[in-house]
Amino acid sequence: GNCAAGFGVCCIFTVSATGSEISQNCTYIVNPNFPSNYAPSSTPTTLTYTVKKCSDDICRLRLDYDLFTLTTPSTATAKDGQCTTDKMTIKTTDRTTVPGTGTTGTYGNYPQLCGTNTGLHSYVDLSCTSTDEATISFTLGDSTNNQYKVKVTQYSCNDPCISSREGCFQYFTGVTGTINSYNLANSKQLATLDYTNCIRQEAGYCCIEYTVISYAVTGTQTCAAAATRCASASTCTMEYIIIPNVINDGSIAELNYDRFCGKNLNPVGFPANNLPVRTCECPFEISYVTGITAKAGTSTTSTEDGFSIKYRQIPGGC
């Protein structure tokens with residue numbers, strides 16, 4: 001279409017066919033038959049898209065999920081939370097391990113995603129090798145809920161909009177913001193997750209505070225007393241978040257914790273209410289781990305939603 005007051009032409013690059021290669025920055029990956037649902041002629045079927053660097057200095061990809069609607073994860077006891085029907089997986093030339101599903105799950109270099117993730121994003125690391133590329137795959141196991149529109153943005157390592165370090169599957173900028181877990185829209189926490197949310201430290205801000213909007217990371221812990229606290233490595237063993245070096249305000253004579261689970265988030269893991277959590281440990285980050293094969297183990301089901309957490313950076317003399 002026309003742009004720049006009629007002095008230029010705007011180009012939108014879009015691919016949908018499996019096997020497509022992407023070398024233009026800001027290309028969109030959409031499902032076949034977009035914007036309608038895609039019903040493959042046979043299932044399961046896998047559609048793959050290869051992202052090649054648009055320049056040699058590219059080291060990050062950002063995937064923006066303008067639309068992401070796949071079938072929700074399994075609710076079967078032994079596979080609760082697994083993406084057994086539909087899933088999106090990511091691998092690169094030097095990071096080839098994708099999560100495994102089945103009776104024994106495995107973690108991958110990047111999580112697999114399913115359910116509803118519209119409005120969320122992910123980052124993918126590329127090596128310095130000019131030929132390094134990423135493969136994004138959609139495995140569709142049924143004929144419903146097969147819609148996606150993913151914007152693929154390529155970034156140089158020198159770009160201030162991205163993290164200066166690897167390993168940030170989500171990356172946030174700004175003094176305030178909100179971090180949501182994947183598939184929160186369906187109130188169903190995914191299994192086989194192991195990734196880090198990173199927040200850029202803004203100039204003049206030395207600490208950060210996290211406040212719960214919604215939070216249910218482990219469905220079996222009550223957080224009511226010290227014995228069932230929703231903090232520490234001994235009580236948070238399967239699904240948990242990690243916030244390094246959380247500050248204990250001293251209202252309860254307890255240790256400092258960095259691992260949190262349960263249905264409430266507060267500095268010492270009890271009592272059963274949400275309180276702001278603060279840390280001055282840099283870099284600012286929240287790591288997130290869920291059951292490798294199924295949420296809460298393979299012998300029970302749980303009602304874990306995931307989390308929505310608001311962050312606020314705190315100014316000070318660093």
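Visitor: How do β7 and β11 pair, and over how many bridges?
Guide: In this predicted model, β7 and β11 run antiparallel and are joined by ten bridges. One of the residue pairs is L67 with K149, the latter being in β11.

Visitor: Is β11 mostly buried or exposed?
Guide: β11 is mostly covered, with seven of its ten residues buried.

Visitor: How does β3 join β5?
Guide: Through two bridges, with the strands running parallel; β5 covers residues 27–30. V15 sits opposite I29 of β5.

Visitor: New topic. How many disulfides are there in the whole structure?
Guide: A search of the whole structure turns up six. One of them joins C59 to C157, with an S to S distance of 1.8 Å.

Visitor: Where do C59 and C157 lie?
Guide: C59 is in strand β7, residues 58–69, while C157 is in the loop between β11 (147–156) and β12 (170–172).

Visitor: Okay, next pair. What about C207 and C280, how far apart are the sulfur atoms?
Guide: The sulfur atoms of C207 and C280 are 1.9 Å apart, and the two residues form a disulfide. C207 belongs to strand β15 (residues 205–216), and C280 to the loop between β18 (277–279) and β19 (284–289). The pair links distant parts of the chain, 73 residues apart.

Visitor: Is that link left-handed or right-handed?
Guide: The link of C207 and C280 is right-handed, with 95° about the S-S bond.

Visitor: What about C236 and C261, is their link left-handed or right-handed?
Guide: The link of C236 and C261 is left-handed, at -70° about the S-S bond. Their S to S distance is 2.1 Å.

Visitor: Which parts does that pair tie together?
Guide: C236 is in the loop between β15 and β16 (240–242), and C261 is in the loop between β17 (259–260) and β18. The two are 25 residues apart in sequence, so the link ties those loops together.

Visitor: Are C236 and C261 buried or exposed?
Guide: Both C236 and C261 are buried.

Visitor: Which cysteine sulfur is nearest to that of C26?
Guide: That of C54, at 8.5 Å. C26 is in no disulfide.

Visitor: Is C26 buried, exposed or partly exposed?
Guide: C26 counts as partly exposed, with 32% relative accessibility.

Visitor: Last one, is C11 buried or exposed?
Guide: C11 is exposed, at 55% relative accessibility.

Key:
Residues numbered from 1 in each chain as written. Predicted model: local features only at pLDDT ≥ 70, side-chain atom pairs only at ≥ 80, totals over all residues. Heavy atoms only, no water. Pairing = 2+ DSSP bridges. Helix = DSSP H or I, 4+ residues; strand = E, 2+ residues; numbered from the N terminus. Disulfide = S-S within 2.5 Å. Buried < 20%, exposed > 50% of the residue type's maximum accessible area, 1.4 Å probe, protein only.
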